[in-house]
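Open the model in your viewer and keep the selection tool at hand.

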Amino acid sequence: MQVKRVKTAVVGCGIISQVYLRNMTRLFSILDVVAVCDLIPELAQRAAKEYGVPKIMTLEEIEASNEIELVVNLTAASAHYGIIKRLLLSGKHVYTEKTMTAKLEEAQELVQIANEKGLYLAVAPDTALGASIQTARWAVDHGLVGEVTSCIVSINRDQNLNAERFRFLRSEGGALPYDVGIYYIQALLCILGPVVEVTGFGAPAPARQRQFLFNQDDPESWQIPGNNLVAGSLRFQRGALGILHFDGNTIGAECSTFRIYGTEGILELGDPNRFGDPIRLIKPESDPCYLPLTHGYNGACVLEDATEFEKGYGNRGIGVAELAWAIRKGRPNRLSKEMGLHGLEVLQGLDKTAETGGVYRMTSTFTCQPLKSGVYSTMWCGGARADAELSLVD
């Protein structure tokens, strides 16, 4: 298949950029990574050298480039609005890490700009395109649990301890529902579709008083903005009810819960922050069983010399590749700006009702087509690499 590769730049060369760049330069044939950019020149230089990227550019140079079509924004959530807006106004398609912004009004503005300029804007997390979530979508679409009646998702993490080490979590978008909860929300949206109503309760993170576990030069005190603990309910357009529980004010021993209940069965999913966790099906008159994965991109790194970080997370960048194929094919992309806006509105609806009470009625909607099934990352029982990228083409 002779298709012109999409010339791509990456803005933000922090930790997560490592797995993105590794995959974008070696795993996906549709991408041609030509530039990296970071406010810290040493980070950009290291990334360019390690992954063979030919150019180190400033954001202004990327904006002015006639060569670059697509920009991958891997900066902190608090910086997303300004960077994405600049890139869209300069005529670039954009893929951004989660969430699109920390404020609904800013996200709505970005969607409007992209629509007016005829540009793609895709929003992570792209684990929703991984084998686990796509297999769960296949199971629901094919009636394995009957009509979906309800769902429950829950995750805990010591987000305050994490924020001692990763200071970007102390800014907007760093609270657990935005940093981690969005993986669960995105997965639910991918499997069950749009939400029509939201209600929730919330609690802030505690103020931190000179905690020196990781950094000796911390300020006297700081506090993660917004609600770091959220308990809420959703009503989906299809009629199912959902329960959310995101607790960033507890210990770091994560206990992930993800269940989808139906009239004929129950699906138990793993961590949607991973690509290939097993899916367990419970039916009335038989023992529970694990479903075979129906799709590729199960998180296993098929490239040589996988790092520990990449094991289980080895397919970051699949959303960028799917977007690039959408650009070349002239079709809608799956992790669309509408879906990203909808997920952010769910979070903002939870925050709003936690403050004022009542029920928040959603104003946005989206559609998300499943990936083609039966195309895998490996073959011969994992002994060789296969071409799962074929599932991203159409």
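This is a predicted model: local features need pLDDT of at least 70, side-chain atom pairs count only at pLDDT 80 or more; totals for chains, interfaces and linings use all residues.

Residues are numbered from 1 along each chain as its sequence is written, and side-chain values use heavy atoms, with hydrogens and water left out.

**Pockets**

On a 1 Å grid over the protein atoms alone, a pocket is an open set of points where a 1.4 Å probe fits, with protein on both sides within 12 Å along at least five of seven lines; lining residues have an atom within 4 Å of a point. A volume is the space filled by probe spheres set on the points, which are joined across faces, edges and corners.

Start with the second largest pocket, about 260 Å³. Of its 15 lining residues, select Pro332, Asn333, Arg334, Ser336 and Thr367, the closest to its centre. The lining has five nonpolar, four polar and six charged residues.

Move to the largest pocket, about 1,400 Å³. Of its 43 lining residues, Gly14, Ile15, Ile16, Phe166 and Phe168 are the closest to the centre. The lining divides into 23 nonpolar, 10 polar and 10 charged. Helix H8 (176–192) gives the most, with four residues.

**Strands**

Helices (H or I, at least four residues) and strands (E, at least two) are DSSP runs, numbered from the N terminus. Two strands pair if DSSP finds at least two bridges between them.

Select S2, residues 31–37: seven of its seven residues are buried (under 20% relative accessible area; exposed is over 50%, partly exposed in between; 1.4 Å probe, protein chains only). S1 (6–11) pairs with S2 in the parallel sense over six bridges. Val6 stands opposite Leu31. On the S3 side (55–56), S2 pairs in the parallel sense over two bridges. There, Val36 stands opposite Ile56.

**Salt bridges**

The rule is a side-chain nitrogen of Lys or Arg within 4 Å of a carboxyl oxygen of Asp or Glu. The count comes to 20.

Select Glu63 and Arg86: their closest N and O atoms are 2.5 Å apart. Glu63 lies in helix H3 (59–64) and Arg86 in helix H4, so the pair ties together parts 23 residues apart in sequence. Arg86 is partly exposed, at 33% relative accessibility.

Finish with Arg5, Lys7, Asp32, Lys55 and Glu67, linked in a network of salt bridges.

How values were computed:
Ala, Val, Leu, Ile, Met, Phe, Trp, Tyr, Cys and Pro count as nonpolar, Asp, Glu, Lys and Arg as charged, and the others, Gly among them, as polar.
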